[in-house]
Amino acid sequence: MCGVAPARESVGVIEVCELTKRFGAATAVDGLSFHVRPGRVTGFLGPNGAGKSTTMRMMLGLDRPTSGHVRIHGLPYRRLRDPLRTVGSLLDAGAVHGGRTARAHLRWLARSNRIAERRVGEVVERTGLGPVADRRAGTFSLGMAQRLGIAAALLGDPAVLLLDEPVNGLDPEGIVWIRTLMRELAAEGRTVLVSSHLMSEAALTVDHLIVIGRGRLLADSGTDEFLARHAPAPTSASAPGRSPGSERMPAAPLEEAFLRLTGESVEYRSGGTGGEGR
Ligand SMILES: Nc1ncnc2c1ncn2[C@@H]1O[C@H](COP(=O)(O)OP(=O)(O)OP(=O)(O)O)[C@@H](O)[C@H]1O
């Protein structure tokens, strides 16, 4: 899994290889290895504190791994020639200069990353920011700030998107919108990695699941396979629908399987040798 893949097999792929991050005595990420592939929405799931944000920060070169590495398109993030045009990310929607208008913020990002100015209008349109684009970002609701963060992520027309809890702060209409957008982005052939601590939310959107608990990999499988393997009992739910925004998977059994799996990991850790990890 951690070998160097031929360049053509790395296009759009995020390779996480034996990744570990310690903060002092605490282990936030513990020997994680998985691949995220293009053309589908991959859910990155785990309970609060499982290590999702820390892993995503290492993908973006914002945190340095204690050991192991991440490659995107076969390279560490810092060695990508045009990072914003390769990887778009939404980590902290609040990280915008509050005194600038949304449009000015996007223009500034475009200019400083050699991105064509016309992309600003395109992403404002795609994220529904039109009516507020000329307002100062400091006055935005959390939902609008989320949309601005997503507009910034899409600005460079990147092949890879990393979205950390993108539904946070969105109202029901916004949630349906982001779900549909993620499915469209995957259908365009992009790699979409979206973190959530709610399986019920992810179940409606993702094709593939990476589940972690206490920094360790618990599952890496398609949603159908995950359900078959971990759900407690067969359900009468019909086969998953595939149209954007529709009910894709029976959420309740998936939620139950997720709680069971992550619960087991907590039990295993606390009942283990003790003193290890966190
Ligand atoms: N800078 C830091 N210094 C110390 N500990 C940290 C730091 N960043 C994260 N941690 C710890 O690492 C662990 C993993 O945190 P992380 O934020 O990656 O989890 P998460 O899965 O994203 O959680 P959530 O769903 O709550 O956002 C937690 O125990 C957290 O307290």
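View 1. Helices (DSSP H or I runs of at least four residues) and strands (E runs of at least two) are numbered from the N terminus. This is a predicted model: local features need pLDDT of at least 70 and side-chain atom pairs count only at pLDDT 80 or more, while totals for chains, interfaces and linings use all residues. Residue numbers start from 1 along each chain as its sequence is written. The shell residues (C-beta atom, placed from the backbone, within 6 Å of the ligand) include Phe23, Lys52, Ser53, Thr54 and His197. α2 (52-59) and β2 (26-36) each supply at least two.

**View 2. The β1-β2 hairpin.** β1 (residues 14-23) and β2 pair in the antiparallel sense over eight bridges; pairing requires at least two DSSP bridges. Two residues lie between the strands, and Gly24 in the turn has a positive phi of about 60°. Arg22 has Thr27 of β2 as its bridge partner.

**View 3. The open sheet.** Three strands run in the order β2-β1-β4, with antiparallel pairing. β2 and β4 are the edge strands, each with a single partner, so one side of each lacks a neighbour in the sheet. β1 and β4 (residues 67-72) pair over five bridges. Ile14 has Ile72 of β4 as its bridge partner.

**View 4. α2 on the sheet.** Val16 stands opposite Phe34 in β2. α2 packs on the sheet and touches β1, β2 and β4; contact means C-beta atoms, placed from the backbone, within 7 Å. The direction of α2 makes about 120° with that of β1. Axes are lines fitted to C-alpha atoms, for helices over the stretch in contact, and angles run from 0 to 180 degrees between N-to-C directions.

Key:
Contact = placed C-beta atoms within 7 Å.
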